[in-house]
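Please open the model in your viewer and keep the selection panel at hand.

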Amino acid sequence: MSILVENISKSFQQTQALQNISLSFGEGKICGLLGRNGAGKSTLLNIISNRIFPDSGSVTIDGAPAAENDSAQSRLYLMSEKTCYPESMRVVEAFRWTRNFYPDFDEDFARKLADSFQLNLKTRVKGLSTGYLSIFKLVTALSVNVPYVLLDEPVLGLDANHRELFYHILLAKYAEKPFTAVISTHLIEEAARFIEDVIIIKEGKLLRDCSREELTAGVYMVSGSAQSVEAYIKGRKVLDVEAIGGLRSACVEGTPDKADAGPELEFSGVDLQKLFILLTNS
Amino acid sequence: MKLYSSFRYQVCSHKNDLSLYYLIILCLHLLEIVVAVPITLAGTENGTTVIATTNGLSAVSCMFMMIAGICSFRENFSMTLQNGVSRRSLFLGGLCASAVLSLIMSVMDEILCLLFQLLDLLPGVQLESHSLLETTYSSALSGLLPALTALAAIPFSFCLLLAFWGLGYFISVLFYRLGKLGRLLIGIGSGLLFLAGLPGIFELYSRYPQWPIWAVLENMLWKLFLLAFGAPWNTGVSCLVLFAVFSFFTWLLMRRVALKK
């Protein structure tokens, strides 16, 4: 049971947005879909949710083709950056209509969430600020009760308090009944706390598709005096070296070899954001 | 299938527009009567009579349906895609919704028409109120009972409204699919055709009536016109055919349409 993406390519005029991408989003996992601006994250999510068609390749949701398939599409919900609700529609009306399309939509829960976020139910969609527009879409996405929830920039325009509230609700909801949440975000540091799997896309190509532990376990930082760090990294695969005065700090692929290191060297792990920057820097 | 959800949404999205439309129509006609009756009463003394008319309601409804068709696609497309509805279900739901709207409007138009006919019975009121069917095909309907004529006006209007909705929806999807240049070309091109092309043809016709092409065209167009719109039932069937043709091309445009940014 998963969303399976096979050999998807998509171009927009001269721009190749996705190049032969194959990946899967497993059942009941929180997955981070990471990439720089224009990497192709939104294009991928839009193809999965049948909003645009790929030039080649296919997407299946629990074994059924995703394109033009109502029953497959009723198993997923995409919260996108683009607002697809009519501008004149009130928030409460949007909730009612979402229930029309998704019978498992929990309107009471949505109202409770809206109350927690101080989202006015009577406001029209066009009257919502950027932050509240994100909140409205988040509340809908979290109340829709489908096996796959795709969140494209879910915290766009949200203040720190609302972001924390969202993460808290997402985790509580996930703990209560696990579902697959695919989160495409630029706030990697915040999302890293609960992401289980990581998919990194760079310039339309799949760079990494593994668990967060697996990704971060294969890389470490070594720091110390310039001379000893330089000696240690010789012959190893170095992703990055930073110099501050006489000190060096290097990001190295593999596992730390403490036996080969002098006592003055310090080893530490690399956080997801740092690793992401190193992997995606051109 | 989310066909029923899509149909329900598309019907309900026109609920307010439809209510507002009939409220405005009702107010306009009542205003017309309120203004016309005193003039008629005053006029009877010096021999002039002002007749208020509600004829043309069906034609206004046709325009309304075309505009409703034009406004139906963009918002409904993004809303239904957001909610996991396929293009096929959106299209089929739209067809069903257009049929329901056309039926409601044809019945409403006839009810209003009959209502205003009743007002004609009031003293001092001279009111003309005929459906489009009666106005256009009076001679063909001369043998029919008034009740049957009123009943026949409903399917007639239904077919007409459906055709106009189909045209509006087709225009809307066509413009959504086209790029900026295409929209500009078609927009300006159709404007030019109506403002310069057709008057130009008529000008040529009046200047050079001896050209043999006119006789051929006249003969052909007239035969085609008679076949398509010569009798009420022909018109009804022609409208249904037009609706089917517009819908077919709409589907061809719609089945691979992508959501725009």
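A nonpolar core is here a set of buried Ala, Val, Leu, Ile, Met, Phe, Trp, Tyr and Cys residues joined through side-chain atoms within 4.5 Å, where buried means under 20% relative accessible area, exposed over 50% and partly exposed in between (1.4 Å probe, protein chains only). This is a predicted model, in which local features need pLDDT of at least 70 and side-chain atom pairs count only at pLDDT 80 or more, while totals for chains, interfaces and linings use all residues. Residues are numbered from 1 along each chain as its sequence is written, chains are lettered from A in the order in which they are written, and side-chain values use heavy atoms, with hydrogens and water left out.

**The cores**

Select F95(A), F136(A) and F166(A), which have the most contacts inside the largest nonpolar core, a set of 64 residues. Helix α5 (residues 130-143) of chain A gives the most to this core, with seven residues; helices (H or I, at least four residues) and strands (E, at least two) are DSSP runs numbered from the N terminus. Domain 1 (2-211) and domain 2 (218-280) of chain A each supply at least three residues to this core, the bounds coming from an automatic or database domain assignment.

Now centre on F166(A), which touches F117(A), L138(A), L142(A), L151(A), P154(A) and V155(A), leaving aside residues up to four places away in sequence; contact means heavy atoms within 4.5 Å. Moving on to chain B, select C62(B), F77(B), L112(B) and C159(B), which are included in a second, separate core of 45 residues.

**The charged pairs**

Over all chains, a search of the whole structure finds 15 salt bridges, each a side-chain nitrogen of Lys or Arg within 4 Å of a carboxyl oxygen of Asp or Glu.

Select E68(A) and R87(B), a salt bridge whose closest N and O atoms are 2.9 Å apart. This pair crosses between chains, from the loop between β5 (64-65) and α2 (70-73) of chain A to helix α4 (residues 87-119) of chain B. E68(A) is buried at 15% relative accessible area, and R87(B) is buried at 0%.

Next, show R99(A), E107(A) and R111(A), which are linked in a network of salt bridges. Within it, E107(A) and R99(A) meet at 2.9 Å, N to O; E107(A) is buried, at 10%, whereas R99(A) is partly exposed, at 42%.

Finish at E203(B) and R207(B), whose side chains meet in a salt bridge of 2.9 Å, N to O. Because they are four residues apart in helix α7 (residues 180-207) of chain B, E203(B) and R207(B) are separated by about one helical turn. E203(B) is partly exposed at 39% relative accessibility, and R207(B) is exposed at 56%.
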